[in-house]
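Here is a short report on one protein structure.

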Amino acid sequence: MTSFIQHLRTLRLAAWLGWQLETNWASPWLFALYMLVKPVCGSLMLVCMYYAARYATGGRVPAEFLPYLYISNACFGLVGTVMFGLSYGVVRDREHYRMLKYVYISPAHFQTYFVGRGLARATEGSVGAVLNIAVGLLLFADLRSQLGPAGIDWGWLVVYLSIGLAMLWACGMILAGACLNMTRNGMFLSEGVSGVVYLLSGVVFPLAVLPAWIQGISLALPTTYWLEGMRRALTGPVPESAPVLRGPLADWSNGELALALAATTAGLVIAAQLFWRWSERRAWRLGKLEENAGV
Amino acid sequence: MPSAFRLFLTAASARTYPRVAWLFRSRSWIIQETLLPVLLVSAFAYSYRAMGAPAEYTGLVVLGAAMTTFWLNVLWGMGATVYWERDSGNLELYIMSPAPLMGILTGMALGGMTTTVVRAAVITVTGVLVFDVPLQPTSWWALAAVFSLTLAALYGLGMMFASLFLMWGREAWHMVSLLQEPIFLLTGTNFPVAAIFPKAVAAVACLIPLTAGMDAMRQVLFHTPGIFDVWGEASFLAVLSVVFFILARKLLWGIEQKARREGRLTVRWQ
């Protein structure tokens, strides 16, 4: 019980520290604007692509494509913030503030500390995603017609969100573990993985467009199931009227989707724990915890 | 005693050197500087394919990704570098030395341009080959002229950013972050601005050299409708280059004096 309370204390303090680092560089209003502008502009660019394609094809792009793009991109924001947040926490604490070694020798549990740092980014990402969707609802009728309080499947949304958070935490821990043993390229690793996931999980296009051999890799990624689940919980299944949006998961039931997500996430969590322990020990043995590359 | 011009050239070439040498010493850039943007290009290209957009639209995405690398280099390699140089203790050495700060910034720009041209070329070639982008330029000379003018204006703007970063502390990182997605949207990185934005908005967006530059290059390469005609946009880019360079000089001097007075040149870990 004492150990559990110590973990909770580390988690709370690390989350608080992470939140302060993320937010206190600006006034609350400026920070709120920052949280809104960045994700919304990312989504608006996809909206502009959608309208550009409609303009070029004489309106032949199905209206359902817009909610698909918008919701996927808003949810993917969480993937980026949590994964990048955890690994960037390592780089920042070691290179910028030079505090990593002090955290390590403190009584705080090392892994829990990074989970706390990731929690701060997850909060930021979640608020950004909600604001992003709210702006989308306000601006685009195509999005309003697909997504509304009556249309949202709240039960499945909770299921996908819960498993998704475990998945994001596991991904983040793998990246943070790798960053512990990297010097210059740590920052780019999470960007790279995020880019791979963005492409392979079909964030801005249905998986059916990819070559068949790449689709196989996509279906091995838990993010693919998570994004499909989130889209389905928020906007419902892809309608028959938009065959272009029907990918290899279109005929799966929510149960099958959640099961695939849970199974791949369980595998990922085990791999993350093994990898983190190995990485932490290796970094400690080779003196990587205080190695400074001046990046 | 070296002349002011010689000192400028020496400072510029000395600052260019580490950036170019980095190309050969740290080979990991090949992955991080080329593979990552290509992944995003692929995602957007597949998105256009799924929507049934014409093949030229994939070309817009490829060109957008290539030109975006210059914008990112201007932000991270020009602006944020001043912040990092301050954090690492180099900035105070620059200021103390007889080398003109404008020469150091010019060196940063030249070095950054060299490395980014390689990066942009890899993205373009990969994108064109993988996605079979149809290229039918009306004139290679016009393309080269517009490209050069875009770089001149962009890096002039970068020099202005660099002076602003003398004033910023930890918020610098977030400011750079904030100048990405909104700028990608406004400049039409992945879509033709003229087809989406009202003319007035598109004209204002042209104040960012990336908008006018990409729009002109797209007209030359893919014959897409432009905001203005190619030579109008090229002339505007030439004017912007001169204006940004003059403003950067003034701004750098003014802000350096202000930073000296407020003791911001040596502040670290803000």
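This is a predicted model: local features need pLDDT of at least 70, side-chain atom pairs count only at pLDDT 80 or more; totals for chains, interfaces and linings use all residues.

## Terms and model

Helices (H or I, at least four residues) and strands (E, at least two) are DSSP runs, numbered from the N terminus.

Residues are numbered from 1 along each chain as its sequence is written, chains are lettered from A and ligands numbered from 1 in the order in which they are written, and side-chain values use heavy atoms, with hydrogens and water left out.

## The largest cavity

A cavity is found on a 1 Å grid over the protein atoms alone: it is a set of points where a 1.4 Å probe fits but cannot get out. Lining residues have an atom within 4 Å of a point. Grid points are joined across faces, edges and corners, and the volume is the space filled by probe spheres set on the points. The whole structure holds five cavities of 30 Å³ or more.

The largest cavity has a volume of about 120 Å³. It is lined by 13 residues, and the closest to its centre are A:Y68, A:R231, A:T235, A:G236 and A:V238. α10(A) gives the most, with four residues. By class, the lining has six nonpolar, three polar and four charged residues. Here Ala, Val, Leu, Ile, Met, Phe, Trp, Tyr, Cys and Pro count as nonpolar, Asp, Glu, Lys and Arg as charged, and the others, Gly among them, as polar.

## The second largest cavity

The second largest cavity holds about 100 Å³ of space. Its lining has 15 residues; nearest its centre lie A:Y68, A:L207, A:E228, A:R231 and A:G247. α10(A) again gives the most, with three residues. The lining divides into eight nonpolar, four polar and three charged residues.

## Where the chains meet

Which chains are in contact, and through how many residues? In chain B, 41 residues touch 47 residues of chain A, where contact means heavy atoms within 4.5 Å. The size of an interface is often given as the accessible area lost when the parts come together. Chain B and chain A bury about 3800 Å² between them, 74% of it on carbon and sulfur atoms. That area uses a 1.4 Å probe and is summed over both parts.

How many salt bridges link chain B and chain A? The count is one. A salt bridge is a side-chain nitrogen of Lys or Arg within 4 Å of a carboxyl oxygen of Asp or Glu. A:K38 pairs with B:E181, the closest N and O atoms being 2.8 Å apart. A:K38 sits in helix α2 (residues 28-57) of chain A, and B:E181 in helix α8 of chain B. Over all chains, the structure has 14 salt bridges.

Technical notes: On a 1 Å grid over the protein atoms alone, a cavity is a set of points where a 1.4 Å probe fits but cannot get out, and a pocket is an open set with protein on both sides within 12 Å along at least five of seven lines; lining residues have an atom within 4 Å of a point. Buried area is the accessible area (1.4 Å probe) that two parts lose on being put together, summed over both.
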